[in-house]
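These are my notebook entries on one chain. I record below what I looked up, entry by entry.

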Amino acid sequence: MTKILLAEDDNDMRRFLVKALQNAGYDVASFDNGLSAYNRLREEPFELLLTDIVMPEMDGPTLLGELRQRNPNTKVVFVSGYAEDAFARNLPQDAKFGFLPKPFSLKQLAQAVREMLDG
């Protein structure tokens with residue numbers, strides 16, 4: 001079963017994402033901030049990180065940087081209400097990631113996750 005690490009500080013959004021991903025057959029570990037997600041990432045590998053950009057304690061781009069040092073093969077999808085290019089210019093040039101703008105549908109979520117895992 002594909003393991004997804006989810007970092008999302010909005011409780012309602014996090015519950016929605018966990019339920020949707022579990023219903024799609026994924027094993028999901030969810031956290032309400034980037035630092036907690038990072039600590040779990042240090043314990044075990046995940047195939048995909050699905051993360052918000054702006055979170056307390058550690059933001060999504062910082063979490064991506066830490067992830068790349070530990071497990072560069074983990075795929076990453078950012079979810080955010082911010083424009084993609086507004087934060088992407090602060091990421092390393094070679095950073096590969098998916099981006100899912102909020103609000104999104106279950107279909108868009110499933111497609112973004114599948115494309116990133118398959119790509």
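Which residues does Y82 touch, not counting residues up to four places away in sequence? I found that Y82 touches V54 and F99, where contact means heavy atoms within 4.5 Å. Y82 lies in the loop between β4 and α4 (84-88). I also looked up its distance to D52: the two are 30 residues apart in sequence, and their C-alpha atoms are 9.9 Å apart in space.

**Basis of the entries**

I note that this is a predicted model, in which local features need pLDDT of at least 70, side-chain atom pairs count only at pLDDT 80 or more, and totals for chains, interfaces and linings use all residues. Residues are numbered from 1 along each chain as its sequence is written, and side-chain values use heavy atoms, with hydrogens and water left out.

**Overall plan**

I counted five helices and five strands in the chain. Helices (H or I, at least four residues) and strands (E, at least two) are DSSP runs, numbered from the N terminus. Along the sequence they follow the pattern β-α-β-α-β-α-β-α-β-α. Of the 119 residues, 45% count as buried; buried means under 20% relative accessible area, exposed over 50%, and partly exposed in between, with a 1.4 Å probe and protein chains only. Among contacts with a separation of 6 or more, 61% join residues 24 or more positions apart.

**The sheet**

In what order do the five strands form the sheet? I read the order as β2-β1-β3-β4-β5, in an open sheet with parallel pairing. Two strands pair if DSSP finds at least two bridges between them. The edge strands, each pairing on one side only, are β2 (27-31) and β5 (98-101). Neighbouring strands are turned by 20° against each other on average, direction ignored. Axes here are lines fitted to C-alpha atoms, for helices over the stretch in contact, and angles run from 0 to 180 degrees between N-to-C directions.

Helix α5 (residues 106-118) lies across β1, β3 (48-52), β4 (75-80) and β5. I noted that α5 runs at about 155° to β4.

**Strand β1 and its partner**

Five bridges join β1 (residues 3-7) to β2, and the two run parallel. Within this pair, L6 stands opposite S30, and K3 stands opposite D27.

Why do I call β1 largely enclosed by the rest of the structure? Five of its five residues are buried, so the strand is largely enclosed. In a regular strand the side chains alternate between the two faces of the sheet. In β1 both faces are covered, with K3, L5 and A7 buried on one side and I4 and L6 buried on the other.

D27, in strand β2, is partly exposed, with a relative accessible area of 36%. D27 touches M1, T2, K3 and I4, not counting residues up to four places away in sequence. The C-alpha atoms of D27 and I4 are separated by 6.1 Å, although the residues are 23 apart along the chain.

**Nonpolar cores**

I then looked up the largest nonpolar core, which has 20 residues. Such a core is a set of buried Ala, Val, Leu, Ile, Met, Phe, Trp, Tyr and Cys residues joined through side-chain atoms within 4.5 Å. L21, L50, L109 and V113 touch the most other members. At least two residues of this core come from each of β1, α1 (11-23), β3, β4 and α5. A second, separate core of 19 residues includes A7, A29, A37 and F97.

For L50 I listed contacts with residues including I4, L6, L17, V77 and L109.

**Helix α3**

Which residues of α3 (residues 60-70) are buried? I found G60, L63, L64 and L67. They cover an arc of only 105° around the axis, and therefore lie on the same side of α3; the arc is that of the directions from the helix axis to the C-beta atoms. These buried residues pack against β1, α2 (34-41), β3 and β4.

**Backbone details**

E57, in the loop between β3 and α3, has phi near 70°, a positive value in a residue other than glycine. E57 counts as exposed, at 61% relative accessibility. The peptide bond from K102 to P103 is cis, with omega near -5°, and P103 lies in the loop between β5 and α5.
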